[in-house]
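Please open the model in a viewer and keep a selection panel at hand.

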Amino acid sequence: MATTQRDPRTAVAWEGVSKTYPNEFAAVRDVSLEAREGEVLALLGTSGSGKTTLLKMVNRLEPETSGRVVVDGKPTTDWRPIALRRSMGYVIQEGGLMPHMTILDNVALAARIQGVDRAPARDLALEKLALVGLDPVRFGRHFPHGLSGGQRQRVGVARALAASDKLILMDEPFGALDPITRREVQDEFLRLQRELGTTVILVTHDLREACRLGDRLALLHEGRLLQTGHPTDFLNDPVDDHVARFFRDAGAVEIGREAPR
Amino acid sequence: MNEWLEFLKGEARPLLGATAAHLELVMEALLLASLVGVPVGIVAARRPKLERVAMGIANILQTIPSLALLGFLLIVFQGRIGKPPALAALAIYALLPIIKNTILGLRSIDRGVYEAATALGMTPWQRLRHVELPLAAPIILGGVRVATVASVGMATIAAAIGARGLGSYIFRGVSLADTRLILLGSVPAALLALACDASLGELERATNPERDRRSRLRTIAASLAVAILVGFAGWGWWLENGSSGEGRETLTIGSKDGTEMILLGHMLADLIEERTPLRVDRRFNLGGTLVCFNALRQGGLDAYVEYTGTALTVILDEPVQTDPDAVLGLVRQELAARDDVACLKPFGFENTFALLMRKEMVDQWDVHTISQLASRADELRAGFGPEFMNRPDGYPGLTEAYGLDFAIPPREMDRNLLYQALGRGSLDLAAGDSTDGRIAAFDLVQLEDDRRYFPPYQAVPLVRVETLKKHPELRPVLELLAGKIDAATMRKLNREVDEYKRRPEDVARDFLRRLGLRTAPLSRSG
C-alpha cells in the first residue's frame, strides 16, 4: 500500500489499516478507504463490524496496529495527538456534552482549551449556536440536562463546528432521537454541511440514515470493507451475497427513492 | 440551674477558644489529608495495581486503634507532644475516605463525556482540571465530609498527647468524674460535627452539575457557613500562634492524668510565671507515664511531676524497692546519667497504691488489712487501672505477696472511673492512690498494706538538664515547694477538686497564695 501520491482532494485516507487487540481479536482487517474533501462518507455496518474503530483511528482514540491513516496529507503518527484532535470536530450520541458547563461554555470549550480568550471564544460559540438553529440568548445559559435530546444534539454539532468546519467525525450522532426529530436534525445538518463544504465521516448502523446523509457509503462486516460507492451502486451491483442480503434485510427497497414515509 | 449558668459563664471564653482550636486542628488535618489523598486517588484511579496498594495501605492505617497510633506517632515525632502528632494521626484516618471517594468519583464519569473531552484535544491536565475533577467533585467532597465528621470526634482523643481542643474537657471530666466538664467537651464537639456535616453536605449538592438552578441561595448560605467555620478555625490558630508574641521565651510544663498531677503542674507553672520572665505553655492530662517522659527526654516538655517509684519501675525498668530515700537517690542518679533529666527535691508527701473498699463493707466483713482479705478473695469483684494491672509493683506482685486468689478475674478499666465504680457498688475492691481526694468523697477505706508490699512514691519535679542550664534561675523556683506539701495537705487539695468540683487552677493558686508564694488575689469561685 504505497499510495504516497496523494489525490489533492483527499481529506482522510486509511491505507491498509488493521486493528488487532492484545487478545488477538481483529476489529479491523486491512481496510483501505478515503474520504474526499466536502463529502459525507458514511461508514455502515452492524455492531462489531469495525466501523467505530475505523472512525476513531482518525483522531487516534484507537490507534491502528498496522497500516496508516493519513489526515491532511500527513500520517496521523506524525501528528501530535492533541494537535490532530484539535484540527477536527467530533460528535457522539447525545453530543457528549459536559454536564457541568452551560451550553455556551460547552461550545466555547473547543476554542478555550486552545488558549483563545474568553470573549472571542464566546463570540465564536454564539455564532455556531445560531448556525445550528439554537437561540443563544434563550439557551446559552442552560445546562445540557435542561435541553431536549434534539437540542443537545445540535449543541454537539455546534461544538464540533467550533473546533473545525473542515472535518467532522460523527459516531451514531442521531441514534438517540425519535424519528421525527431525527429527520429534522438530519435535514438541517445536511443543509449546513453543503453550505460550509465540511468533510464528514459518519458512523451509523442505520441504512436509511446512511443513504439520506451519505454521498458515499462504505459497508463493513467483521472488520472487512465489503464495498464502497453511491447508495444505488449497492442495489444495482452488490459485490457479493452478503451485501445484497444486508440491503434486502434492512428494507432497502425504498433507498433508491430517498424514501419519505 | 443558677450554678450551671455560673459555671458556664466562667468557662465560656476558654471553651470558645478550645472549640476554635479543635476545629482548626480538624481543618488542618483535612487539608493535609486532601493534599495527599486526592492526588493519590487520581493516580490510583488510572492504575488498578496502584489502587490495590493505596487502598490496602489506607485500610490498614484505618484499623490501627487511635491511642496506639497516637503513641506510635509520638515516637515518630521524637516526643514532640501536641499538634504535630495529633495532626498526623487525624490526617492518616482521613486518608481512606478521601482516596476512596476520589477513585470512585473519577470512575463514575460517563465514558462519553470522557471520550468527548479527549477528542476535543484536551491535554490530560486540561481534562483533569476542566472535566474530571469538576465532575467528581460532589463524590470527593462527600469523602471529605465523612472524614471531617469522623475527625471532629477523633480529635477529642488527641488531648491524650497534649493537643488543644475539646478533648481536654472530656479527659478532665472523666478524671475528675465531673459530668459538667464531659458535657462541656462533648456537646460543642457534637455541634461542630453537625455544622460541618450540614455545610459540607450543602456544598456537595451545590457542586452537582444536575442541581436545581433555584438552589443558588442555599449555595451562598452553605459557602457562608463554611467561611464562618474557616474564620472560627482561623481565630483558633491565631490564639495558639499569633497572640503569644513579645518574644518572651516559653517553657512547656506537662502533667500526667489525675487531679494530683494537674494540681502540682499548675503550681509549678504559676511559680515560674510569677517569679521569672518566662511564659508557660501548660499541657496537662497527658496519657500516661511514658508519653510524658518521652516528651521530656526529647524536648517536647521542659518539666513535669513524677513519682519516684514509677520512675524506678516504669522508666528505668528496675526491680521494686521499699526504702524511699534509696529510691530517690537511685532515680536521681540514673535519670541524670541516662537521660539528662534532673530530679529535683520532693514535694514532701508520699503517694502509694492503696487497696480500697467501701466503708460499709469493711465494717460488715471486719477486714482492715490486705492479709485479712486473702481468705475471702474468691468473693471479690475487683477492678484495676491498666497501669496497675501491668506494672511489676502492681497486680502481679500483689497476688503473689499476699496469696490473693481472685475467683472473678479483675476488671481492667480507666483508673479514674474506679472510685465511682467502687463507691456505687459495681466493684468491691479497687486500687487507687493513697492521696486521692475521692477516697473520702466516696466514703472508701484504705486497707493496710501490712506486708509493706507497695513501694512509697514521692512526688518530684523532673526537669530537662538543658532547660536548667539555660535558665539557672529556674531550679530554686521549682524547689520552693520542696517539703511543703504533706500527705494530708495533698489529700485536702485533691478533695477540693474531686468532691467540691473547684477548678484545679483555682485550688493551686489559692494554695500558693496561702503559703505566701503568690501575690495574686484569691480566686472567688468555689
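How many residues does the contact take from chain B and from chain A? The contact takes 16 residues from chain B and 18 residues from chain A, where two residues are in contact if their C-beta atoms, placed from the backbone, lie within 7 Å.

The model is predicted: local features need pLDDT of at least 70, side-chain atom pairs count only at pLDDT 80 or more, and totals for chains, interfaces and linings use all residues. Residues are numbered from 1 along each chain as its sequence is written, while chains are lettered from A and ligands numbered from 1 in the order in which they are written.

Select next helix H5 (111–119) and helix H6 (124–157) of chain B, the elements that give two or more residues to the side touching chain A. Helices (H or I, at least four residues) and strands (E, at least two) are DSSP runs, numbered from the N terminus. H5(B) provides the largest share of that side, 6 residues.

Move to chain A and select strand S1 (residues 10–20) with strand S2 (residues 26–36): the two pair in the antiparallel sense over 7 bridges, pairing requiring at least two DSSP bridges between the strands. A:Val17 stands opposite A:Val31 in S2(A). Between these strands the hairpin has 5 residues, and A:Glu24 takes a positive phi near 70°.

Finally, select B:Ala158. Leaving aside neighbours within four places in sequence, B:Ala158 is in contact with residues including B:Leu25, B:Leu70 and B:Leu90.
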